[in-house]
Amino acid sequence: MQLFQKIILIITMLVLVLATAFIIDFYRPKKQNLRYIKEGEAFFAEKSYFKAIGSFEDALRVIPNQVDIILKLADVYQKTGKRQEAITLLEELSEEAIDNDEQYYSLVMLLVNVYSQENDFKKALALCDTFLKDRSNVLVSCERASVLLNMGYRREAEGEFQKIIRDHPDDPEAYLRLADVWKKRYPFQATGLLKKFLKEHPNNFRVRLKLANLNLEAKQYRQASTDLSLLYENYPDSILEIAPLLSISLLRIGEVDRAIEVAGQALKISRNSLEQSPVLKYIRGIGYLRKGNHYEAITDFRDAESTNFPDLYFHLAQAYILDGKKWLAISALEQAVRNDPRFLKAYHSLIELYIDAGLWSKAEEQIQFIIVQYPSNIKLYKLKAQIHLIKKENVKALQAFRKLARLDPESIDGDLGIISVEIMEENYVDALKNSSKLLQKYPRNTKLLFLIAKIYFIEKNLEFSLEHLLEALRIAPNYVEASALLCEIRLFQGAPYLAAQEYSRLLEYRPTDYSLWTRLIELYIEMNDLKRAFFTIEKAKKNVSYAFFESYAKIYMARKEYEKALDFLKKIPARDVHVLALIGESYRELKRYSDSTESYQSAQAQAAGLHSFDVDVAVGYYMDRGWQNAALVLERYLKQRPEDDLARIFRAAILLVGDQKEEISEELQIVKDNSDSYNWLVQIIKSAAYDFRNQDQFRQAFAEIEKITDSHLLENFQRLLNYSRRMNTNYVPLIGSLVLKEMGYLSTSLRKCNEAVHLLPNDPFLLYLKASLLDELEQEKEALVLLKELAKSSSSYVYTYLKLGNILLRQNIYLDAKIYFEKALFIKPDLWQAKLGLGKCYLGEGKIKESIEQFEAILNDSRDSLLRLKAHQELALIYLFTVHKNIPLALRYARSGLREKSYDTQLALLMGIAYFQKQEYHAAQKYLFYARNLSPDRKDIYFCLGELYFQQGSTKMAWKALNQCFSSSENTDIFSTANLLVGQKFFCSTKVF
């Protein structure tokens, strides 16, 4: 036991001795000094200069007069702006004898540098002379020449450098410095000097890098890229120094992929380099932008924001524009002009975006600011004139464009602006006259051709419009505005697939244009061609690096799969106004009204007054039982848009909930003063505002209902009023449903209708309204079940039978449809829609004579232009293709129909067929061409043209037309006209047809 205690005691004593020795050694001056020096050097490497100062000062406090540490401390002082402290330290050191030549050289170079920074050139020069008195040193000699240059003695400095080159032809320092002196005034001599050195020393890294730099500055990009590529291959350790310059030169010569690759390779190495990484990302971002990969470009530019490149935010804005983020682009450009108030190109882009966003006052403010600096800049005057044009300030716009024409007489822009003003003022005669004169002078000006096409389109001269528009697109195939007008014409012609083809063609020229892809996708969604929409998204993702979540969401919304739509919309990181509105719509369809209201309010806030979502917010509040909030929101909205009668009617309907009679009366009076368009809604809201328990007021409500003459929905409303009184309730939910239906909120209208049905469960009018809403929402089966149940009642609403008949007619169930049409006519003999349906049923059954009677009755007695048009179409078809064939009668009905509506494709086609059957081929061709201009993707028109050309002996033209017949459209029914009558026997009554 005692032995064990002795061992422990000995070990304890040894540990104490060792610990004491360690502590003594740790605090020895040399050890302390070494620790402080290492710490200071580490801080210096990290550029934590102030911390480095503290460490070096501690080292000198432990062991003074350490020359190396004094030099390091002085270097840190001058780097942190403490130049006087550095001078004091170095001058004290210079007074002492320094035996080490290297230390003395470092002292001189550092002190000369600090003197020069302080503009104390005489001391710097004297110090160089003292050093060079007894020794020769190229770097100090070069530094002396640089001091002379800073003092303004350019010739003497150049002479010094040339002397150093003569004395030391193998040292590159003087060559490099003299090249810097010459590069602005004598660029060729500067590059020649460096090339002279490289002849003898071809592998000198610094000189070749400098030569490449000079070539870049002189815009000799290909030569620069050659030199830099050579360095890049041979000096892998210096990649961070070479890569930025090489990437820039490669971008300049169009080798974008390689520029991105070089920057990317350097970035892998430079992860720890805070200086190089942002620069490389900036350069790579420009490469991505050139490639159209705007998502990657945005990421790189955002990472490079620490750089001081003046055009960084300008490039970032271009990437945002490609990505469809207009507001972020505006923000980036505003930062760009803050950083550089004379950045004219950024101002141009910013003003254009302000104009596009409708921020006209901001655009004008920027123009006024920058035009002072650039009073002769023509583009600023163009933008100013454009703002007046957009704001419909026609007088100011005309003055601005005339001034532009005077300032720049060689340009056509002023004249084009004047024509645009004439179009705005609907002065189409002068606009066409002036543009035709200009066309003689500028026959290939695409903007002029576009404006002429626009005038002809406004005047519905589609043939001439297409002629000029297609000529503009032949000259400039990627002219976006012209393509957009062509798409508009195609949509007007009822040819959405041709519009889609035009967008697809344009995308061949601009495959990375995000806005074109999204417009094409949305067009397919509008056409309910969701398969093509999906396919187009997948194709777009290969060309444009963007998620297209918004487009996916729109497809799911078209399918009424709102939960899936929300999943995609919520994945979008930066939700703009449109995305927030789509989220609001999805929530509304899912009956999540508070979430819907919140989303629409966010959209409203972000829109900054450019777009109003107040009505959508009000709908959300109203459906969520918050009628007071809904009324307040609409009150605010109507102050900005007092002309919106439907919104005002909606507010009056909402106020019914709170029995706010005076406000209701005021709102309805304003609507009545504006127009009579919604008189029937005004009258029913007035009737609902009365107290049904009061006999006098009830009679007044009845009197309001009796005034209604212009809506088939309200013919049995008096009975509904009586029912409401007996059941001790009112029909406020029904009014809400009717107003929401008129506003286009069908799903929400259906929910309000269900509320009304719950209050008044057996009313046939309410049930009919519900069935109508189901039918419009493409829930045909549910609508049919409800309508058939309603039709069993002896008191069924007359339009129930009409709706049932039309649904069954769509399903080609002629016998049942005919029964319901006849029931409707028994109740209401002048219900012309039922006569039209009955006529189509007879036609479907082959009872031609009876169908003619119905259609002629419509023409004789109805004043409904749409019904008359359809009757003309049906009669022209009958007299062309049935046993009652009578070509003169077919022509008479088709011609009469065209007089009522001159842009009806079906009637124009029937006119062409009738003239063909009369063998009047010139007239037939005229009307077939007219039909083709109205609907260029209908295959039956090309079939008719093919047969016409064949009959005229133009075989080549016939084959061309028939080829169009099988390739021009997505319409699968080639013979759609005749199939209405005779199945597959198209034009069976003649040899050709």
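Guide: A contact means heavy atoms within 4.5 Å. With that term, 52% of the contacts in the protein chain with a separation of 6 or more are between residues 24 or more positions apart. This is a predicted model, in which local features need pLDDT of at least 70, side-chain atom pairs count only at pLDDT 80 or more, and totals for chains, interfaces and linings use all residues. Residues are numbered from 1 along each chain as its sequence is written, and side-chain values use heavy atoms, with hydrogens and water left out.

Visitor: What makes up the secondary structure of the protein chain?

Guide: There are 57 helices and zero strands. Helices (H or I, at least four residues) and strands (E, at least two) are DSSP runs, numbered from the N terminus.

Visitor: Why is Gln78 called buried?

Guide: Buried means under 20% relative accessible area, exposed over 50%, and partly exposed in between (1.4 Å probe, protein chains only). Gln78 has a relative accessible area of 9%, so it is called buried. Its place is in helix H4, residues 67-79. Neighbours within four places in sequence aside, Gln78 is in contact with Arg83, Ala86, Leu110, Asn113, Val114 and Gln117. Across the protein chain of 993 residues, buried residues make up 52%.

Visitor: Why is Lys803 buried?

Guide: The relative accessible area of Lys803 is 19%, and therefore Lys803 counts as buried. Lys803 sits in helix H47, residues 798-810. Apart from neighbours within four places in sequence, Lys803 has contacts with Tyr768, Ser772, Asp775 and Leu787.

Visitor: What is Tyr456 in contact with, leaving aside its neighbours within four places in sequence?

Guide: Tyr456 is in contact with Leu432, Asn461, Phe464, Ser465 and His468. The C-alpha atoms of Tyr456 and Leu432 are separated by 8.6 Å, and the two are 24 residues apart along the chain. Tyr456 lies in helix H26, residues 446-458, and is buried, because its relative accessible area is 13%.

Visitor: How do you know what span is expected of helix H23?

Guide: The expected span of a helix is 1.5 Å times one less than its number of residues. H23 (residues 394-407) has 14 residues and reaches 20 Å from its first C-alpha to its last, close to the 20 Å expected. Helix H3 (residues 49-62) also has 14 residues and a reach of 20 Å, close to the 20 Å expected. In H3, the buried residues include Tyr49, Ile53, Phe56 and Leu60.

Visitor: Which residues of H23 are buried?

Guide: They are Asn394, Ala397, Leu398, Ala400, Phe401 and Leu404. Seen down the axis of H23, these buried residues fall within an arc of 165°, so they line one face of the helix. The arc is that of the directions from the helix axis to the C-beta atoms. An α-helix has 3.6 residues a turn, so residues three or four places apart point the same way. The face of H23 turned away from its buried side carries the exposed residues Val395, Gln399 and Arg406. Helix H22 (378-390) and helix H24 (413-424) are among what covers the buried residues of H23.

Visitor: What kinds of residues form the lining of the second largest pocket?

Guide: The lining divides into 11 nonpolar, six polar and eight charged residues. Ala, Val, Leu, Ile, Met, Phe, Trp, Tyr, Cys and Pro count as nonpolar, Asp, Glu, Lys and Arg as charged, and the others, Gly among them, as polar. H34 gives the most to this lining, with six residues.
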